[in-house]
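Comments are given as numbered points.

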Amino acid sequence: MSFDVNKIREDFPILKKTVYNKPLVYFDNGATTQKPQVVIDTINKLHVEENSSIHRGVHSLSGKMTQHYEDARKTIQEFINAKHQHEIIFTSGATGSINTVAYSFGERFIKEGDEVLITQMEHHANIVPWQLLCKRKGATLKYIPINDRGELELDKIEQLITEKTRIMSMVYVSNSLGTVNPAKEIIDICHQKNVPVLLDAAQAIQHEPINVQDLDCDFLVFAGHKIYGPTGIGVLYGKEKWLDEIPPYQGGGDMVDIVTLEETTFNELPFKFEAGTTNYIGAIGLAEAIKYVQTIGLENIRDYEAELLAYGTEKLTSIEGLKIYGTAKHKVAILSFLIDNIHQYDTGMVLDKLGIAVRTGTHCTQPVMQRFGIEGTIRASLSFYNTKEEIDILFNGLITVKEMFG
């Protein structure tokens, strides 16, 4: 594989930064990824040269920005292989996208006594909206448990789906364990029982290719900042048939057709779900990030990150007293671990002083931590701009932690 990580690192200006006079080792990519110069330049250029509100203006700047925005929608449609461009809805993020479906689908299709199915490994963003819906509607929330490796207990799915199950919402890749779920297989099982599926791809979109038509998911969500784009922008993909049937989540400008003081009719897709002035510059920045990722190739990224995962797993498990949580056969480059009885926050603070950025805590997956009987973990989430040398720095840092607290 032709993959020049040193050349790639030159594209990310923040990687030249030092922390406490140490070179930055950034292993918090699961929380947010860093931005390549081309994305930064694109966003700055739009603010400086072309900024104007989209869709509403007849003047030149508005026309140009509207074209950029709709081109960005086309880029994302092609990236995930959606059938129609209007099946791509811009939102504030993956959380905004999930809330949109939970509210809109819930208003149309969920009633008292119905059931919603999720998994035990969900991010809070894919738990709380469904809890709120079920409480509001008098429905029941059920979940698929996970085993000691951090994999879904697939044999439980058939019995959990009943004639009352109205939707299944699941994470594609666990943000705290790294587990890659067999999404296509689960979607097939659900569809055999006429249950639509929402796929949370926030931790998958940046690691491997996604084809929504092949997966046959009914909804898919992801956030721009997880795939080297700006914050405050996300995507909701929905099959046309569902987006046509469910009501809008928010009301306001641009999502309307005719408004009188008595009633309102709604705009066509995708604008029906894009109330108000959207983060149009964020959407264009996201498209630029996707184009950047495509120049490297998601297959190349996947293969290189698999090398990093294998190397990191071998190095970290050689440390006496270190336990990795999330040992699924199929996982992305996420290493969640604890060392002996050393608190994760103490470990994280020492590593920070060594220039190493990791995440500590529950990672917004408290049910996962409860499943393993722990308060939280240290999480090193890797990207294609990380190196084996940086993993060595992490290894040495953990040895220092053991010496300090041992």
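**Pockets and cavity**

1. The second largest pocket has a volume of about 260 Å³. Of its 17 lining residues, Phe90, Thr91, Ser92, Gln250 and Phe273 are the closest to its centre. A pocket here is an open set of points on a 1 Å grid over the protein atoms alone, with protein on both sides within 12 Å along at least five of seven lines; lining residues have an atom within 4 Å of a point. Volume is the space filled by probe spheres set on the points, which are joined across faces, edges and corners.

2. The model is predicted: local features need pLDDT of at least 70 and side-chain atom pairs pLDDT 80 or more, while totals for chains, interfaces and linings use all residues. Residues are numbered from 1 along each chain as its sequence is written, and side-chain values use heavy atoms, without hydrogens and water.

3. The largest pocket holds about 350 Å³ of space. Its lining comprises 21 residues, with Gly30, His123, Asn175, Gln203 and Lys226 nearest its centre. Helix α4 (residues 94–109) gives the most to this lining, with three residues; helices are DSSP runs of H or I, at least four residues, and strands runs of E, at least two, numbered from the N terminus.

4. The structure holds one cavity of 30 Å³ or more, a cavity being a set of points where a 1.4 Å probe fits but cannot get out. The largest cavity has a volume of about 50 Å³. Among its 13 lining residues, Asn29, Gly30, Gln206, His207 and Leu382 lie nearest its centre.
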